[in-house]
Amino acid sequence: GGPPPPPIPHHHTAKKEDVGGKIEQDNLGDANLLPSQELGKLVNGTKKVPATLDDYRKLVVPVIEEYFSTGDVELSVSELRSLGSDQFHNYFVKKLISMAMDRHDKEKEMASILLSALYADLLDSSKMSEGFMMLLESTEDLSVDIPDAIDVLAVFVARAIVDEILPPVFLTRARALLPESSKGIEVLQVAEKSYLSAPHHAELVERKWGGSTHFTVEEAKKRIQDILREYIESGDTDEAFRCIRELGLPFFHHEVVKRALILGIENLSSQPLILKLLKESTTGCLISSNQVSKGFSRVAETVDDLSLDVPSAKTLFDKLLSAAISEGWLDASFCKSAAPGEDMWNASSEKVKHFKEESGHIIQEYFLSDDVPELIRSLQELSAPEYNAIFLKKLITLAMDRKNREKEMASVLLSSLSLELFSTGDIMKGFIMLLQSAEDTALDIVDAPSELALFLARAVIDEVLLPLNLDDISSKLRPNSSGSQTVQMASSLLAARHSGERILRCWGGGTGWAVEDAKDKISKLLEEYNTGGDLKEACQCIRDLGMPFFNHEVVKKALVMAMEKQNEASILALLQECSSEGLITINQMTNGFARVKEGLDDLTLDIPNAQEKFRGYVELATERGWLLPSFASLP
């Protein structure tokens, strides 16, 4: 165990015998050559760059062996870059970790360090995720040779999330792709419950194998702040570079950029030194362009909060941003992802501060009382509709850090607000603000991206947003950012089979009831109507449920009841009345029919002519305009 040895310069690399085992002569020639020498032959044209995975495998294994022997990160990065073959980088991730899993803690820690060093420069997020996915899919095979493979791989997954080379949403995505009974699912469960949900989980995971820097996240932030303050006092760029390099946290350099920019905003006289430091660290390849962009994004997301202390924060940030782009060390495309609602940043800081404080009190009171009308009255009394997006952000942020009851209440409230106070534009802006700060939120709420994806998907199911709105939201976010990936996750949730019911069940169902309670109320009101109840009274009962986003359940149960009972005409008359009054929207009607269509095979076991009856209902509904035209094309 223990930390890895210090890096050894390239020219000090010792010659080893039979590195990586016996190598076939016709593929690599002299088996005694070091990997770096063999790669030199490739670069110099005496050998071809590996064209197949088999060729790549034979070259990359000795590179990993040599790294475990020397601990030289820079040499390993150089050798992997020389190999090219970007299409095989997911295999490198898998091979590096699988080889480390069968070794001591020292090699496991070294593997995590190397992945962080490679991330964003050689390994992009997609290849990193693909490599981990390949490992999860092969957990059964790994367990044959490594008895504790599940726990070890869980630590690697947790460590990658803590090191920010895997997004937290990876857990949810991987879980959706793996068989429920697989060992890969067990890995994800251990990673989430034993490591990522534990108190002080970042420190626990980082020190599991000895620690890459022996810093916790908070300690690292403090060291960065101290480095920057000393630099402002001394103006010694070389010393600042040396200290940043010694941190050994290339994957956390966005924090250096963020804190440097904030320092420049808070202290005008420091701006020239800050710009010099960031420019030279970028052009000198100390801080990667990806980390620089990420740092600027994190400041852009919090400018409205900074404005509370520095009223001119937006103007000062724009000045720093313009300088970075004009000097060529920040890509001009960064401006395309500017946060929405810039007019808010120029508003009175006192009014924004007062609104946020009052909103917090109103939301906390709502979580205690569950009184939607009272909350709406309180919000109207604030008389600040221009800050509706800020209210939405505050509501969901507070709900994410609470139990399922409050999350469900937040979604129910959002549905009510969309009908009475909030425009679609307000809601979209609020979600964009949430998604742009998703990475910061994840520092406090581990599963924030997954929770945000559920809130987004639920908003679509509740008809607060349209599916097309997700594309509009995504266009406002940086490509491959955590927020953009969260929108993709929401789209995947919505595209899944039985998505409506699953998403509604995620926190217990509308208006705070359990889903089964809601279904029971719907069944009872339909039974009462079917036994001679009044049509108007039945419609009023549906209205009193206060669950317009769950009306597809009314449609589903009504259609099944019509198939089972003799008086189907009265049931269909109820649906006609609900459609005519606008009580059940065409989307909810279509969703209800779609759910019945999905379960027709099971219904046929009890109702032999279910298929025939359903076709008749569809013809009637299409003729009377209950259904979307696209329903006929559903599989």
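Buried residues make up 53% of the 635 residues in this protein, and the model that shows them is a predicted one. The exercises below go from the whole chain to single residues.

**Exercise 1. The whole chain**

Task: State how many helices and how many strands there are in the protein, and what percentage of contacts between residues at least 6 apart in sequence join residues at least 24 apart.

Solution: Begin with the secondary structure, where the count gives 37 helices and 0 strands. Then turn to the contacts between residues at least 6 apart in sequence, of which 75% join residues at least 24 apart.

**Exercise 2. Helices α7 and α9**

Task: Work out whether α7 is roughly parallel or roughly antiparallel to α9, and name the residues that make the contact.

Solution: First locate the two elements, with α7 covering residues 125-137 and α9 covering residues 149-162. Their axes come within 11 Å and cross at roughly 160°. Because angles over 145 degrees count as roughly antiparallel, α7 is roughly antiparallel to α9. The crossing in which α7 passes α9 is left-handed. On the α7 side the contact is made by Phe132, Leu135 and Leu136, while α9 brings Leu153, Phe156, Val157 and Ala160. Sorted by class, this contact of α7 with α9 has 7 nonpolar residues, no polar and no charged ones.

**Exercise 3. Helices α35 and α37**

Task: Find the angle at which α35 and α37 pack, and say how many charged residues their contact has.

Solution: Helix α35 (residues 586-598) and helix α37 (residues 610-623) have axes 11 Å apart and pack at an angle of about 165°, so the two are roughly antiparallel to each other. Here α35 passes α37 in a left-handed crossing. The residues that meet are Phe593, Val596 and Lys597 from α35, and Phe614, Tyr617, Val618 and Ala621 from α37. By class, the contact of α35 with α37 has 6 nonpolar residues, no polar ones and 1 charged.

**Exercise 4. Two single residues**

Task: Decide whether Phe422 is buried or exposed, and do the like for Cys285.

Solution: Take Phe422, which sits in the loop between α24 and α25. Its relative accessible area is 4%, and because buried means under 20%, Phe422 is buried. Leaving aside neighbours within four places in sequence, Phe422 is in contact with Leu379, Asn388, Phe391, Leu392, Leu417 and Ile427. The C-alpha atoms of Phe422 and Val464 are separated by 9.7 Å, and these residues are 42 residues apart along the chain.

Next take Cys285, in the loop between α16 and α17. Cys285 has a relative accessible area of 67%, so it is exposed. Its phi is near 65°, a positive value in a residue other than glycine. Most residues other than glycine have a negative phi. Glu164, in the loop between α9 and α10, also has a positive phi, of about 65°, although it is not a glycine.

Technical notes: Residues are numbered from 1 along each chain as its sequence is written. This is a predicted model: local features need pLDDT of at least 70, side-chain atom pairs count only at pLDDT 80 or more; totals for chains, interfaces and linings use all residues. Side-chain values use heavy atoms; hydrogens and water are left out. Axes are lines fitted to C-alpha atoms, for helices over the stretch in contact, and angles run from 0 to 180 degrees between N-to-C directions. Helices (H or I, at least four residues) and strands (E, at least two) are DSSP runs, numbered from the N terminus. Angles under 35 degrees count as roughly parallel, over 145 as roughly antiparallel, 65 to 115 as roughly perpendicular and the rest as oblique. A crossing is left-handed if the near helix is turned anticlockwise from the far one by less than a right angle, and right-handed if clockwise. Contact means heavy atoms within 4.5 Å. Ala, Val, Leu, Ile, Met, Phe, Trp, Tyr, Cys and Pro count as nonpolar, Asp, Glu, Lys and Arg as charged, and the others, Gly among them, as polar. Buried means under 20% relative accessible area, exposed over 50%, partly exposed in between (1.4 Å probe, protein chains only).
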